[in-house]
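Biologist: I'm new to this one. Could you walk me through how to read it?

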Amino acid sequence: MLDPIEHAQETSRSRRRGRGQSTRSAEPGQNLHMRVPYITRKVPTYDLLSEDSLIKIEATADRILAEIGIELREDAEAARLYREAGAEVTPANGNAWRVKFEPGMVREILKTAPARFTQHARNPDNNVEIGGDAVVFAPSYGSPFILDIDGNRRYGTIADFENLIKLGQSSPWLHHSGGTVCEPTDVPVNKRHLDMVYAHMRYSDRAFLGSITAPERAADSIEMCRVLYGAEFVENNCVIMGNFNTTSPLVLDGATAEGIRTYAAAGQGSIHLPFLLGGAVSPLTMAGSVAQCLAESMSSCALTQLVRPGAPTLLAGFLSSMSLRSGSPTFGTPEPALGSLVMGQLARRINLPLRCAGNFSTSKMPDGQAMQQAMMSMMSAIQGGANYILHSAGFLDGLLSMSYEKFVMDTDMCGALHAYLNGIEVNEDTLGFEALAQFGPGEHLFSTDHTLRHYKTAYWDSALNDDQPWETWFEQGRVDYAQRANKRWKAALEAYEAPAMDAGTEAALKDFVARKKASMPDAWY
């Protein structure tokens with residue numbers, strides 16, 4: 001059966017001015033006109049706080065850095081770099097230092113960091129811009145478990161890891177392959193980074209994140225990029241990033257600091273993320289959490305510029321509330337969403353790209369709670385002006401679990417956000433006067449030239465929504481959203497084809513992985 005527009009096409013050819021037969025596929029959710037390697041936002045960011053309030057938050061961040069400072073652990077080289085830059089570095093307990101910064105010092109160091117940069121993909125058509133008006137979606141990161149549609153939870157495997165990369169590659173609404181899309185717990189801890197980086201390189205042709213769990217694993221990730229891209233290209237371009245967490249409150253541990261230095265020395269990107277749980281590792285009040293987030297992220301970002309001025313670096317914030325009844329983290333709540341809006345304002349004031357928020361949820365199922373919480377959080381990133389949005393797809397169970405169903409539900413939402421961020425174009429054509437004038441009052445507009453010119457691109461088309469009448473839905477088996485998502489991810493994996501890779505490059509990568517694995521015994525902790 002033809003839809004109303006297609007019916008109008010068939011019955012009004014004399015009014016169509018030479019348009020050919022429709023070539024639109026019956027498959028929903030294609031939205032070919034919206035596919036881009038990254039989004040260029042045409043919707044303004046939302047400035048929540050006044051200038052006076054922002055100044056107070058910045059002053060508190062400066063006070064934290066000047067009076068309390070950051071505790072740096074087990075990285076004497078980082079201590080030296082901070083000291084030589086003018087910070088007050090004094091020994092603390094054990095192999096640790098307290099690092100304090102005069103107000104304004106960290107911002108001055110960060111002036112050499114780029115406000116916008118390109119992360120190159122192995123397919124140049126998929127290069128992403130990070131910063132400014134660019135928005136990049138990437139899948140969720142770091143979950144040890146997989147949750148199925150029935151709520152059963154199991155440990156993630158390397159097969160799950162590869163599947164999730166393939167699902168991401170199959171969706172035009174993600175722009176970046178992400179990083180640890182799930183923990184492949186069936187691979188030894190000291191070797192799994194090799195399989196993960198290889199999987200990103202082989203099963204996706206988009207940009208990706210490397211390993212950060214140990215400095216030598218960061219170095220391996222970068223070395224594998226030299227195999228893939230060539231050493232000279234890597235020396236002069238950002239091809240990989242590391243996603244680093246401070247140890248809140250106010251600690252930068254040695255493995256993290258060394259990893260940051262490893263990426264920066266190679267001219268590669270890094271994200272600097274405090275994971276702040278209000279009432280546990282940050283103040284319960286959101287203004288205080290934001291001030292702490294700014295202090296921790298800025299001081300960590302500054303280390304990159306002390307190693308290699310101009311190295312790409314992202315300010316970041318993971319603001320979370322908690323249930324004061326149980327002590328459990330809560331996600332997708334309004335207060336952290338407001339905090340993300342403010343982080344956007346602060347990032348723009350210091351001219352750094354921003355990572356924050358994502359499709360967060362504590363739900364254990366791909367259900368209404370999951371999508372309600374996800375939308376609250378995701379829209380804060382969109383309205384706040386985040387440039388790199390990790391956790392855009394698959395996040396359930398407070399980040400403990402990835403869900404195949406939630407993954408494709410989220411990517412469908414990401415498609416809708418492409419349309420949202422396109423804004424509204426106003427010109428003679430889009431104002432549509434001719435659509436009303438062609439047949440006049442009382443006549444439908446299905447067959448007007450304006451409708452036939454725009455019907456394929458006027459609205460976003462969901463791949464998953466059921467917009468049919470109740471009777472049709474009932475007759476077709478009453479299939480719900482999660483069940484449709486279950487069918488969709490399975491179909492996507494069935495249809496997946498790996499992007500081509502040069503045989504010599506693939507062999508060199510496999511050889512690198514094999515030699516590295518053979519050089520060390522398995523370690524499971």
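**Rings and a strand**

Modeller: Let's start with a cluster: ring pairs link F275, F318, F331, F360 and F395. Before we go on, this is a predicted model, where local features need pLDDT of at least 70, side-chain atom pairs count only at pLDDT 80 or more, and totals for chains, interfaces and linings use all residues. Residues are numbered from 1 along each chain as its sequence is written, and side-chain values use heavy atoms, with hydrogens and water left out.

Biologist: How do I read a ring pair, and how many aromatic pairs are there in the whole structure?

Modeller: You describe a pair of aromatic rings by the distance of the centres and the angle of the planes. Rings of Phe, Tyr and Trp (its six-membered ring) pair if their centres lie within 6.5 Å; planes under 30 degrees apart are stacked, over 60 edge-to-face, and the rest tilted. A search of the whole structure turns up twelve aromatic pairs. Take Y82 and F101: their ring centres are 5.4 Å apart and their planes at 80°, so this pair is edge-to-face. Y82 belongs to helix α3 (residues 76-84) and F101 to the loop between β4 (96-100) and α4 (105-109), so the pair ties together parts 19 residues apart in sequence. Helices (H or I, at least four residues) and strands (E, at least two) are DSSP runs, numbered from the N terminus.

Biologist: Which strands are joined to β13?

Modeller: Two strands pair if DSSP finds at least two bridges between them. Five bridges join β11 (residues 240-245) to β13, running parallel, and three join β13 to β15 (residues 313-322), also parallel. H272 is the bridge partner of F244, and in β15 the partner of H272 is L315.
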